Amino acid sequence: MPTTHEPAALDPEVLAKLRRISTATLATRLFALGLRQQFLVGVAPLNPDLDGFVGEAFTMRFIPAREDIDTLESLPGEDNLQWLGVESLSEGQALVIDSRSDISAASAGDMLVTRALHRGATAFITDGAFRDGHVLKTLPIATYARATTATTRLTSFHVADLQVPIGCAGVAVYPGDVLVGDRDGVIVVPRHLAPGIVDEALEQEELEAYLHTRVHEGEALLGGLYPPDEETKERYRQWKKARA
């Protein structure tokens, strides 16, 4: 069940900066801190036309279904944790589901995702599959999954826990971690690290934008362009100063 402890709110400026940073850049910054794999490999956006999202993780954990428990008659029950989880979402949260990387059934469909949208959620993520993919592609909420299927969740999954540490696509996700998504996928930023990496990550984004212009002009990577040596960094600082 949802925990009663609420972590201190993240600085809105930190969240705003994260919206300007790609998952690739965040992966590099986290690697520099020793975190080798925080990207949800294989989990892709259903609507790549959306720019992405930033949200605080609200976690849901699945276990295998059991035929005497997971029935159509169980859906209206007051102990349906999937319904309770969606109704517990707060503004700015992203629901992330541990489906054990199993795509044999849908983790959710358009009704739950639409309700999450109206609860103020920024994203709905699973390392499994969604149903109603054609509808989810039209909604203004980021959805990420490994596949789409029509098969109901009840055939494969039972919702066992909310707001507990989970694994999603092989990555540990703790309630309140910061999830950042773009057209490539989703990365998990440990909550306590987010404020300390955003400024360096933004600087890396701008530096690489500058380097990209030089690569497009035909320059070779070797010789100090990429990774940039001190001469290239100085030319970048002058370029940045001129733009300012």
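Ala116 touches Val86, Leu89, Ala121, Phe124 and Ile141, leaving aside residues up to four places away in sequence; contact here means heavy atoms within 4.5 Å. The model is predicted, so that local features need pLDDT of at least 70 and side-chain atom pairs count only at pLDDT 80 or more, while totals for chains, interfaces and linings use all residues. Residues are numbered from 1 along each chain as its sequence is written, and side-chain values use heavy atoms, with hydrogens and water left out.

Ala116 is also one of the residues that touch the most other members of the largest nonpolar core, a group that includes Met60, Val86, Leu89, Leu95, Phe124 and Phe130. This core has 24 residues. A nonpolar core is a set of buried Ala, Val, Leu, Ile, Met, Phe, Trp, Tyr and Cys residues joined through side-chain atoms within 4.5 Å. Buried means under 20% relative accessible area, exposed over 50%, and partly exposed in between (1.4 Å probe, protein chains only). Two or more residues of the core come from each of strand 2, helix 3, strand 3 (93–98), helix 4 (110–118) and strand 8 (157–162). Helices (H or I, at least four residues) and strands (E, at least two) are DSSP runs, numbered from the N terminus. Another core, of 18 residues, lies apart from the largest one and has Phe53, Ala123, Ile125 and Val186 among its members.

The chain holds seven helices and twelve strands. Its C-alpha trace spans about 70 × 35 × 30 Å along the principal axes. Of the 244 residues, 44% are buried. Among contacts between residues at least 6 apart in sequence, 76% join residues at least 24 apart.

Helix 6 (residues 194–216) packs against helix 7 (residues 230–243) at an angle of about 100°, with the axes 10 Å apart. Axes are lines fitted to C-alpha atoms, for helices over the stretch in contact, and angles run from 0 to 180 degrees between N-to-C directions. Helix 6 and helix 7 are therefore roughly perpendicular, a term for angles of 65 to 115 degrees (under 35 is roughly parallel, over 145 roughly antiparallel, and the rest oblique). Helix 6 contributes Glu203, Glu206, Leu207, Tyr210, Leu211 and Arg214 to the contact, and helix 7 contributes Thr232, Arg235, Tyr236, Trp239, Lys240 and Arg243.

Rings of Phe, Tyr and Trp (its six-membered ring) pair if their centres lie within 6.5 Å; planes under 30 degrees apart are stacked, over 60 edge-to-face and the rest tilted. The count comes to six aromatic pairs. Tyr210 and Trp239 form a tilted pair, 5.0 Å centre to centre with 45° between the planes. This pair joins helix 6 to helix 7 across 29 residues. Tyr210 is buried, with a relative accessible area of 5%, whereas Trp239 is partly exposed at 24%. Ring pairs link Tyr210, Tyr236 and Trp239 into a cluster.

The peptide bond from Tyr226 to Pro227 is cis, with omega near 0°, and Pro227 lies in the loop between helix 6 and helix 7. Arg100, a residue other than glycine, has a positive phi near 60°; Arg100 is in the loop between strand 3 and helix 4 and is partly exposed, with a relative accessible area of 38%. Asp132 likewise has a positive phi near 60°. Asp132 is placed in the loop between strand 5 (129–130) and helix 5 (133–136).
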